[in-house]
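Trainee: I've got a model open and I'd like to learn how to read it. Can we go through it together?

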Amino acid sequence: MAATPIAVITGASSGIGAATARQLAAAGYRVVLTARRKDRIEALAAGINEAGHQATAYALDVTDRAAVDEFASAFRTLAVLVNNAGGALGADPVASGDPADWRQMYETNVIGTLNVTQALLPALTESGDGTVVILSSTAGLSTYEGGGGYVAAKHGEHVLAETLRLEIVGTPVRVIEVAPGMVKTEEFATTRFRGDTEKAAKVYAGVDAPLTADDVADTITWAVTRPSHVNIDLLVVRPRAQASNSKVHRTA
Ligand SMILES: NC(=O)c1ccc[n+]([C@@H]2O[C@H](COP(=O)([O-])OP(=O)(O)OC[C@H]3O[C@@H](n4cnc5c(N)ncnc54)[C@H](OP(=O)(O)O)[C@@H]3O)[C@@H](O)[C@H]2O)c1
């Protein structure tokens, strides 16, 4: 009997990562949930196991290369890696943005993805049929006022995905980039505005049905479960009410 394929998901303690862990588990993967908050990933893994699927949790900061290498050393073979850990800090104009925020966003979104991908690429290759998913953003494809450091970091992730795909063509690993527009998750905007829930709520104010974490998880799961020779290079997914990063239809 073939072994159950394993999927590692970073940033699985909330939002898109948590929803992706649940959906990939339901699709037949043994999911390994990682994030810094151990209690949350353990609770989520327990729920997935109770539902009759397979999940384990491993506390991991993707910016800590030594910890990432130790985590990766446990995998001889791996089917799927979903690089989801990331996010935004602040919405300041370039003229006044804090370089520390820019640095942290680059560290988490770009270097974090680089760390985990580099560390797990041998196991993905060894599987003979590996998939790397990179959760960038429409912010990785075009900019908007106040996007600053987040847009720069997500462009970095987009370039990482494109370059890696060029470099490993001919190996049995495909690189899928999923770039969502506006997704209403429990923490993304609150983290961006450092706990200011009023500011966070304004992001989604009057928008008829922003995407949910489950919508994006569904997109990721669809892309990952295509036949091995089919590579969804880049998939942009937005809510119907959003035509571009800065063109969003809002009711009064
Ligand atoms: N929401 C949107 O509108 C949207 C749109 C496009 C793209 N995205 C991207 O989609 C991804 C998930 O976003 P989300 O909306 O689900 O946000 P979220 O709910 O804030 O989730 C972010 C996840 O990243 C983890 N994380 C942050 N820093 C980390 C680190 N250093 N090491 C390990 N894990 C870390 C967090 O877990 P811990 O705090 O427990 O470590 C959390 O699980 C992000 O890359 C985001 O940029 C979001």
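**Reading the model, feature by feature**

Mentor: Let's start with Asp-101, which counts as buried at 8% relative accessibility. Buried means under 20% relative accessible area, exposed means over 50%, and partly exposed is in between, with a 1.4 Å probe and protein chains only. Before we go on: this is a predicted model, where local features need pLDDT of at least 70, side-chain atom pairs count only at pLDDT 80 or more, and totals for chains, interfaces and linings use all residues. Residues are numbered from 1 along each chain as its sequence is written, and side-chain values use heavy atoms, leaving out hydrogens and water.

Trainee: Where is Asp-101, and which residues does Asp-101 touch?

Mentor: Asp-101 sits in helix α4, residues 99–126. Helices are DSSP runs (H or I, at least four residues), as are strands (E, at least two), numbered from the N terminus. Contact means heavy atoms within 4.5 Å. Leaving aside residues up to four places away in sequence, Asp-101 touches Leu-89, Asp-92 and Arg-194.

Trainee: And Glu-145, is that buried or exposed?

Mentor: Glu-145 is exposed, with a relative accessible area of 79%. You'll find Glu-145 in the loop between β5 (130–135) and α5 (148–168).

Trainee: How do I read a nonpolar core?

Mentor: In soluble globular proteins, nonpolar side chains tend to be buried together. A nonpolar core is a set of buried Ala, Val, Leu, Ile, Met, Phe, Trp, Tyr and Cys residues joined through side-chain atoms within 4.5 Å. Here the largest one has 36 residues, and Val-31, Leu-33 and Ile-220 have the most contacts inside it. A second, separate core of 34 residues includes Leu-81, Val-132, Val-151 and Val-173.

Trainee: What about the ligand: how many residues surround it?

Mentor: A residue counts as near if one of its heavy atoms lies within 4 Å. That gives 28 residues around the ligand, and the closest are Ser-13, Ser-14, Arg-36, Tyr-150 and Thr-185. Helices α1 (15–26) and α5 each supply at least two residues of this shell.
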